[in-house]
Amino acid sequence: MSILNQILLNPYFLACLSLFIAFVISIRMYPVIILLGYRKNLVANPGHRSSHVKKIPNLGGIGLFIAFSIALTILGSLSYLSPSSLTKLVSLLSAMIILFFLGVKDDIIGLSPKKKLIGQILSAALVVMTTDLRIHNLGGLFGLGDFPYLFSVAFTIFLFVFVVNAFNLVDGIDGLASAIAIIASATFGIFALLNHQYLMLLTSFTLIGALAGFLRYNFSEKRKLFMGDSGSMFIGFLLAFQAFSFLAYQDSHYGAFTVSNAPILVLAILSFPLLDTIRVFIIRIKNGRSPFSADRNHIPTDCWTWV
């Protein structure tokens, strides 16, 4: 085996390399996206529920998608993934493309919640049906045992859609969705790293690298950028994919490093956006509004200084 092959089989090297490549690509792309946003007026206009007082480009999701896809494709082709992992990689990228174009259309000209929901269901179904990535049980949580096949598929698709919309709804404060995603992805990535799960560690650390580059401009005062729906849906879907892959791997009990009560750990990792989304949905429905309508009624609103 050549020295290059040995290096590429080192999970720690792959983790660092995927993070670095995604970060470099993203950090070089965002200035171009910001310039394009201003020139073509592809911006988020300030409104009564906005945290900004001037027009801000909102196509950061384009940079996230491109940086993630390029880095993952390059490293995935070089890291000797198994046939099943390659199938998951192709399915994941295909689903990402569907969500990406839906999000970009929504950011530019708007898209009805119904059409977004259909696209999210199709993306989730594509991954679940082609890779058999699904929730078989909840590890005894709530006293539930193994799920029937059809219920397992439907339940997994529902959870995919729920997590996607959770991140789509909490993306209203600078750095909020990105920071949560980095913490969650790092947690899943560490478990993948310890268990030498190459596709999962590439997915996790590539996403972290792309998000780290985005945060630099999301917090900038002079060259500010929002991720938009194209970014928030993209992030939510990837985190759901990581969470369900983590559960499937922990359920197999083949790893060197496993945890007991894995479903509870996943709920803890994703608790903030999930609980905040449920809380906001209840408030909106109670007030006679659509649960998908936008507002600033999120948990951190009172804790942040709005610029």
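1. His196 counts as partly exposed, at 41% relative accessibility. (Buried means under 20% relative accessible area, exposed over 50%, and partly exposed in between, with a 1.4 Å probe and protein chains only.) His196 sits in the loop between α7 and α8. Its phi is near 55 degrees, a positive value in a residue other than glycine. Most residues other than glycine have a negative phi.

2. A word on the basis. This is a predicted model, in which local features need pLDDT of at least 70, side-chain atom pairs count only at pLDDT 80 or more, and totals for chains, interfaces and linings use all residues. Residues are numbered from 1 along each chain as its sequence is written, and side-chain values use heavy atoms, with hydrogens and water left out.

3. Asp132 also has a positive phi, near 60 degrees, and is not a glycine. Asp132 lies in the loop between α5 (113–131) and α6. Its relative accessible area is 39%, so Asp132 is partly exposed.

4. Now the overall fold. The protein has 11 helices and 2 strands. Helices (H or I, at least four residues) and strands (E, at least two) are DSSP runs, numbered from the N terminus. Along the sequence the pattern reads α-α-β-β-α-α-α-α-α-α-α-α-α. Of the 307 residues, 53% are buried. Among contacts with a separation of 6 or more, 71% join residues 24 or more positions apart. Contact means heavy atoms within 4.5 Å.

5. Ser91 is buried, with a relative accessible area of 8%. Leaving aside neighbours within four places in sequence, Ser91 is in contact with Leu126, Val127, Thr130 and Thr131. Ser91 and Leu126 are 35 residues apart along the chain, and their C-alpha atoms are separated by 6.7 Å.

6. Val104 is buried too, with a relative accessible area of 15%. Not counting residues up to four places away in sequence, Val104 touches Ile62 and Ser230. Asn58 is 46 residues from Val104 in sequence, and 9.4 Å away in space, C-alpha to C-alpha.

7. How do α6 and α11 pack? Helix α6 (residues 149–170) and helix α11 (residues 271–286) meet at an angle of about 75 degrees, with their axes 9 Å apart. (Axes are lines fitted to C-alpha atoms, for helices over the stretch in contact; angles run from 0 to 180 degrees between N-to-C directions.) The two helices are therefore roughly perpendicular to each other. That label covers 65 to 115 degrees; under 35 counts as roughly parallel, over 145 as roughly antiparallel, and the rest as oblique.

8. On the α6 side, the contact is made by Phe162, Val163, Ala166, Phe167, Leu169 and Val170. On the α11 side are Pro273, Leu274, Asp276, Thr277, Ile278, Phe281 and Arg284. By class, this contact has 10 nonpolar, 1 polar and 2 charged residues. (Ala, Val, Leu, Ile, Met, Phe, Trp, Tyr, Cys and Pro count as nonpolar, Asp, Glu, Lys and Arg as charged, and the others, Gly among them, as polar.)

9. Finally, the second largest pocket. Its space is about 510 Å³. Of the 28 lining residues, Lys88, Gln197, Met200, Ser245 and Tyr249 are the closest to its centre. (On a 1 Å grid over the protein atoms alone, a pocket is an open set of points where a 1.4 Å probe fits, with protein on both sides within 12 Å along at least five of seven lines; lining residues have an atom within 4 Å of a point.) Helix α9 gives the most to the lining, with 7 residues. The lining divides into 13 nonpolar, 12 polar and 3 charged residues.

Conventions:
Points joined across faces, edges and corners; volume = space filled by probe spheres on them.
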